[in-house]
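Let's take a walk through this protein, from its strands to its charged pairs. Have a look at the model first.

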Amino acid sequence: MSTENVRWFAELGMADLEEVGGKNSSLGEMISNLADAGVKVPDGFATTSHAYRSFLGDTGLAERITEKLAALDVDDVRALAAAGKEIRGWMVEQPFPEELESDIRSAYEQLAADAELSFAVRSSATAEDLPDASFAGQQETFLNVRGIEAVLTAIREVYASLYNDRAIAYRVHHGFAHDAVALSAGVQRMVRSDVGSSGVMFTMDTESGFPDAVFITSAFGLGEGVVQGAVNPDEFYVYKPALRAGKAAILKRGVGAKATKMVYTDDATVGRTTEFVDVEEAESRLLSLTDEDVLTLARYAVTIEEHYGRPMDIEWGKDGLDGQLYVLQARPETVVSRGTSLERYTITGSGTVVVEGRAIGQKIGAGAVKVLSDIDQMADFERGDVLVADMTDPDWEPIMKRASAIVTNRGGRTCHAAIIARELGIPAVVGTGNATKVLEDGREVTVSCAEGDVGNVYDGRVDFDVSETKLDEMPEIPTKIMMNVGTPEQAFAFSRLPHRGVGLARLEFIINRQIGIHPRALLEFDSLEGRLKEEVGEIIAAYPSPRDYFVQRVAEGISMIAAAFAPEPVIVRMSDFKSNEYANLLGGEAYEPDEENPMIGYRGASRYLSEDFAECFAMECEALKHVRDEMGLTNVKIMIPFVRTVAEIEGVVELLGTHGLVRGENDLSVVMMCELPSNALLADEFLDHVDGFSIGSNDMTQLTLGLDRDSSLVAATFDERNPAVLKMLEMAITACTARGKYVGICGQGPSDHPDLAQWLVEQGIESMSLNPDTVVDTWLAIAGEQQG
């Protein structure tokens, strides 16, 4: 039965936020409203804000705390630490008022009768998780709490955590009066994720603000390991439109290191007890969730987001005993990329990368390294230093806000360091593994999160630029501006730029980054020997078979880009590795010829039609077919590179059909790279077999002028504006426009030469596909020419 001091989750809803805080009212809201939709939330009870104020007011603690904090300078980290420690000590030692303790004991007895005797005790601040406030992680969570005495102690410690150093400083810096914030303690049945898995999920991409994906992190053991940043978790993306349509919806599966996990200890004499243990190396290479688990969690996330009507941050656990997935917390996501302007950071200088990790945000920062291992060292931290630590603690916020960047050994995209870095708008590189060993105090470094998924720490100060684009002020131009995108992890961020789709998604870039192994080495895995076989086996351990590894990973890379830019077209060019580039893949030397000039050798269409590459091409096709047919991303178009003869394009289009990619079926367009003089000279004959051309100005220039663009001896002669090259381009554009077929260009020429871009517009080019960093400048240059 509920009282003035204690309320059951099942009786709560968001209207009770002032009484039990954001987390507990949200748990009640989900139990009351989403159970019928299949969302599972463990039951429990919450102490009320009245109970908290009674604990402080009826015992005289409130007056002592007010007096202690009245003259405190929170930017004096030593004074802040001393005051916070003293206040917390008072609160933990203070007995409960008799009526409050009686109510908690009664609720505990009722809950314990229906559940295993193990509970989580969590904080829920009455100002926490409001749209304009992020208190995430400031207060305590206690797991595997057993017995009423331990529960009572944990509640007092939860109350005391409202006065940890970070929480005190946060309230001062954000204008919250200390006595205006009350705390509710939630006592909830433990989900046995200690023998299962757990993590955090967001109903949007936390880095780019992309709204159509659910981002899930997961690791073995209790979720605090992920939240604290002690574990580098697995990562998954799920595409919401495909999920709603009942299609295959997983965009990405990323295997995290998961070297450790938090579990229960065996000491039954202690009231609450957890510890970190090592995960066996073979187990750590496996994914901690099945595909069905991932999809179930994504459905929970979408249901919760639709109920609340806003992006959400959700903690979840998988019970290893009953196999069920449970939601443990849900709160509004408070750091979302918004607005109509786009700030872009770009490295313009060069330097040596000394540490790599997971990029948080998309900014760049520089400063002197300060390696900290303990909170007591905070007074030595200067504004603008780069904070380097094993992992950050919630109490470190006073110095984190002074840092130009943060680098940690451990943690993933949902750890404390990542959350706070996003809040503060500073770059962070987490999960480096070795930052505290490699970087020493005083060393100048540049921390870059502007180069994709991987965050780089450069030695010294490396030059970088910052530009801002007003996305709602882009002028109309007569040509579609598309993008060249080959890095799936950057696709969500790039899709925020003004665009009409992707004119070139290079499959070889995806294979190089996502696979890293020669496709024949995967197909012939059983015949590999020695260390090579071990190496390949370790990489593919999380997948059912070597072939599945290739097909699934390539499909993930394509689908990330296709989802980011949907419904605009995404033109995927089949792999165009040259033999020397294929040889650089793991195991590749055994399968590639040694060619004198690979640039004009065994590549493109002729490779696809060769017997040696037949099964490799089949795997590429299987990945594309999955993305288009199973995931429903029919905005994916196919492009064939380096086609020498009409017979070759006939053969490749026929071969695609045998693999279920039939031109014209399910809205499938097949276009061809127009990059050889033969393509322009026989444009009509080639166009009989494809739906258009994408001009590759780099190869067209070198082959028309007969020069090697990789040779510094003749590089000065390379110019796409040479009259002979322009003649070839004009022939191709004219042939396509005359037949109403697509014609675009995906070389670098238009962004390097504004006069070439204007000439292409005058010729009637339908689209220009540019590198993302040149999109805005080229767009505005074309607009300026048009207005002039």
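Eight strands close into a barrel, in the order S23-S24-S25-S26-S27-S28-S29-S30, with parallel pairing. From one strand to the next, the twist averages 30°. Two strands count as paired if DSSP finds at least two bridges between them; strands (E, at least two residues) and helices (H or I, at least four) are DSSP runs, numbered from the N terminus. Strand S29 (residues 742-745) and strand S30 (residues 767-770) are joined by two bridges.

This is a predicted model, where local features need pLDDT of at least 70 and side-chain atom pairs pLDDT 80 or more, while totals for chains, interfaces and linings use all residues. Residues are numbered from 1 along each chain as its sequence is written, and side-chain values use heavy atoms, leaving out hydrogens and water.

Now for helix H16 (residues 507-515): Leu507, Glu508, Ile510, Ile511, Gln514 and Ile515 are buried there, meaning under 20% relative accessible area with a 1.4 Å probe, protein chains only (exposed is over 50%, partly exposed in between). They sit on the same side of H16 because they cover an arc of only 155° around the axis.

On to salt bridges: a side-chain nitrogen of Lys or Arg within 4 Å of a carboxyl oxygen of Asp or Glu. The whole structure has 52 of them. Here are a few:

| Pair | Closest N and O atoms |
|---|---|
| Lys252 and Asp453 | 3.3 Å |
| Arg253 and Glu556 | 2.6 Å |
| Arg461 and Glu444 | 2.7 Å |

Arg461 is exposed, at 56% relative accessible area, whereas Glu444 is partly exposed, at 32%. Arg253 and Glu556 are both buried.

Notes. Axes fitted to C-alpha atoms, helices over the stretch in contact; angles between N-to-C directions. Arc of directions from axis to C-beta.
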